[in-house]
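This report walks through selected features of one protein chain. Please look over the sequence and the structure before reading on.

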Amino acid sequence: MYAETEPGAAAERTAFRRAEKQYKLYKPPSRKGRSKSRGKQAGGGGFGGGGGGGDLSAVVDFHALLAAGKGELPAGIRRCDRAGFHLPVFCFLDRPGFYFIPGALSTEEQCYWIRESLKTFPQPPNRTNLTATYGPISDLLIAAKNQKILVEVESSSGKPRDEQNNVGENAHPGKFKFVDDSEIQKEERPKSTMAAALVRKLRWSTLGLQFDWSKRNYDVSLPHNKIPDDLATLAKKMAVPAMPSGEEFTAEAAIVNYYGPSDMLGGHVDDMEADWTKPIVSISLGCKCIFLLGGKTRDEAPTPMFLRSGDIVLMAGEARERFHGVPRIFTEGDQQDISGLVSELSDDDDRFILDYIHNSRININIRQVY
């Protein structure tokens, strides 16, 4: 996953890096031990230090706080509900500009956006991490469901296109195509890749204005479609708690991150947009994860919190300057927190998506660039 990294030993010494390592290496207790500790972990007992002893007792659980009703909140956390916004909102007193909306999306809405993230969002002209290797790939999810295989297409000269003089990621449109297993020649098999494996290799896709990862800016010269209307409408609606009074959020770009079982998102800041008063609208889908919200340097101990499918986080203003990341997603059966998704994705047509989401997480980050 993308991240800003530090050199060697210096990285290990920062409070943010120590928290990343702690939660990445966390091992769930045995079922016997878990039943004894569950009550301790449910409320997220305090925050800011990352916890100790390899447990999750310091991880803030906003769902547990919401379920507790209108009782006293832990020190440093308050409700930030806004008039005209119908969902509960939490924030930290010492983290201005950060807003947490637990359970913002219904299970049905979550499933819709999971399908869109795998079917529609990787479609050209949107770019993905696969584009540089394979060129634009159309209908990847359909090919995966139909057990298709991606093979290299030879040019009219009889040579694979990568043996010609074309260079650069835009030099090989049509270089690969999907075929059935029966169509593959023996000599082609070593160069072939199952479509299902390519879905598992997805790590990011970019919507709207295309982000240039090498230059860390938006390249307006790249072909792109506008943000889908329904996603733009959702972002505009959910951005309200973090928006300046009287202004509306305009979605112009989005980055979709795809996490496999062992993936993490290293500590970084999101500072590429021109106006930091407008929030990043971040939608979580799939397996539960731990999200770290730190300070303006990695030396400040981050606050750990659970992010579940359907949660939405807003980061605006000062929060845009804070290091944040995802050191761990939970793929263990009783820690995924995806039972609602499993029930909703029970149709045969969703079988591939259900298998994918059992050990994956998707994060859609919508941004107003200008």
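Which residues are exposed on the other side of α9? Asp 229 and Thr 233 are. The structure in view is a predicted model.

## Two helices with a buried side

Helix α9 spans residues 229–238, and its buried residues are Leu 231, Ala 232, Leu 234, Ala 235 and Met 238. These residues lie on the same side of α9, because they cover an arc of only 160 degrees around the axis. Asp 229 and Thr 233, both exposed, are on the other side of the helix.

Helix α2, made of residues 15–24, has Ala 15, Phe 16, Ala 19, Glu 20 and Tyr 23 as its buried residues. Their arc around the axis is only 140 degrees, so they too are placed on the same side of α2.

## Salt bridges across the chain

Side chains of opposite charge can pair when their charged atoms come close. In the whole structure, a search finds 22 salt bridges. One of them joins Lys 236 and Glu 248, with the closest N and O atoms 3.1 Å apart. This pair links distant parts of the chain, as Lys 236 belongs to helix α9 and Glu 248 to the loop between α9 and β11, twelve residues apart. Lys 236 is partly exposed, at a relative accessible area of 37%, whereas Glu 248 is exposed at 55%.

Another salt bridge is formed by Glu 247 and Lys 278, whose closest N and O atoms are 3.0 Å apart. Glu 247 sits in the loop between α9 and β11 and Lys 278 in the loop between β12 and β13, so this pair ties together parts that are 31 residues apart in sequence. Glu 247 is partly exposed, with 39% relative accessibility, while Lys 278 is buried at 6%.

Asp 270 and Arg 367 also form a salt bridge, their closest N and O atoms being 3.4 Å apart. Here the linked parts are the loop between β12 and β13, which holds Asp 270, and strand β18, which holds Arg 367; the two residues are 97 residues apart. Asp 270 counts as buried at 9% relative accessibility, and Arg 367 counts as buried at 4%.

Glu 108, Glu 109, Glu 344 and Asp 347 form a negative surface patch. Of these, Glu 109 lies in helix α5, which covers residues 107–119. The relative accessible area of Glu 109 is 33%, so this residue is partly exposed.

## Backbone features in loops

Most residues other than glycine have a negative phi, and most peptide bonds are trans. Gln 147 has a positive phi, near 55 degrees; this residue is in the loop between α7 and β5 and is exposed, with a relative accessible area of 60%. Asp 337 has a positive phi as well, near 60 degrees. The loop between β17 and α10 contains Asp 337, which is partly exposed at 36% relative accessibility.

The peptide bond from Pro 124 to Pro 125 is cis, with omega near 10 degrees. Pro 125 is located in the loop between α5 and β4. A further proline, Pro 96, lies in the loop between β2 and β3 and is partly exposed, with a relative accessible area of 37%. Pro 96 and Arg 320 are 224 residues apart along the chain, yet their C-alpha atoms are separated by 9.8 Å.

Conventions: Residues numbered from 1 in each chain as written. Predicted model: local features only at pLDDT ≥ 70, side-chain atom pairs only at ≥ 80, totals over all residues. Heavy atoms only, no water. Patch = residues over 30% accessible without salt bridge, like charges linked within 9 Å, V, L, I, M, F, W, Y side chains within 5 Å. Areas by Shrake-Rupley, 256 points an atom, 1.4 Å probe, with all protein chains shown as cover. Salt bridge = Lys/Arg side-chain N within 4 Å of Asp/Glu carboxyl O. Lys, Arg positive; Asp, Glu negative; His and termini not counted. Charge placed at Lys NZ, Arg CZ, Asp CG, Glu CD. Helix = DSSP H or I, 4+ residues; strand = E, 2+ residues; numbered from the N terminus. Buried < 20%, exposed > 50% of the residue type's maximum accessible area, 1.4 Å probe, protein only. Arc of directions from axis to C-beta.
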